[in-house]
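Here are my notes on the model, point by point. Please read them with the structure open.

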Amino acid sequence: MTDNASLDNIDSLLNDDDKLFDDLNDAILDGMEDPASSGLSRFVDIPVTLTLEVASTEISMGELMKVGPGSLIALDQDTNCQLQVKVNGKLIAYAEAVAIDNKFGLKITQLVEQSNRQNAI
């Protein structure tokens, strides 16, 4: 990180200053465009893992062992369902897949309730 703060320092800041954590949480969840304007710039470079979950299914080991090129596996999600957006494994929003410069992208369609999103951070 650019300000030489260690992860321990960040953890201590978050644990010691509930207001700072609440401000950071609100900025992330409300989509603040300029975190520097609220004094949260020291957090903008902290990495999080964003994943898009399309669907899943449960199959037996026997079925898995038969999988090969050309195999089709039915998943548990309808094709018209919104996709789940997760941060560090926690659901924060729903989205639809879009193409951005020949790559997959997300268009957020709905945020989950704020109390649920707070648990993701």
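1. Helices (H or I, at least four residues) and strands (E, at least two) are DSSP runs, numbered from the N terminus. On that basis the protein has four helices and four strands. From the N terminus on, their order is α-α-β-α-β-β-β-α.

2. A word on provenance. This is a predicted model, in which local features need pLDDT of at least 70 and side-chain atom pairs count only at pLDDT 80 or more, while totals for chains, interfaces and linings use all residues. Residues are numbered from 1 along each chain as its sequence is written, and side-chain values use heavy atoms, with hydrogens and water left out.

3. Burial next. Buried means under 20% relative accessible area, exposed over 50%, and partly exposed in between (1.4 Å probe, protein chains only). Of the 121 residues of the protein, 16% count as buried. The protein exposes about 9200 Å² (Shrake-Rupley method, 1.4 Å probe). Carbon and sulfur atoms supply 50% of that area.

4. Which residues make up the largest nonpolar core? Val85, Val87, Ile92, Ala93 and Ala95 do, five residues in all. Both β2 and β3 give two or more residues to this core. The largest share, three residues, comes from β3. A nonpolar core here is a set of buried Ala, Val, Leu, Ile, Met, Phe, Trp, Tyr and Cys residues joined through side-chain atoms within 4.5 Å.

5. Contacts (heavy atoms within 4.5 Å) come next. Leaving aside residues up to four places away in sequence, Ala93 touches Leu83, Gln84, Val85, Ile108, Gln110, Leu111 and Val112. Across the protein, take contacts between residues at least 6 apart in sequence: 40% of them join residues at least 24 apart.

6. A salt bridge requires a side-chain nitrogen of Lys or Arg within 4 Å of a carboxyl oxygen of Asp or Glu. The count comes to one. The side chains of Lys86 and Glu53 form it, at 2.9 Å from N to O. Lys86 lies in strand β2 and Glu53 in strand β1 (residues 50-53), so the pair ties together parts that are 33 residues apart in sequence. Lys86 counts as buried at 17% relative accessibility. Glu53 is partly exposed at 32%.

7. Check the backbone at two loop positions. Most residues other than glycine have a negative phi. Asn88, in the loop between β2 (83-87) and β3 (90-100), has a positive phi near 50°. Asn88 is partly exposed, at 43%. Asp101 also has a positive phi near 50°. Asp101 sits in the loop between β3 and β4 (103-111) and is exposed, at 71%.
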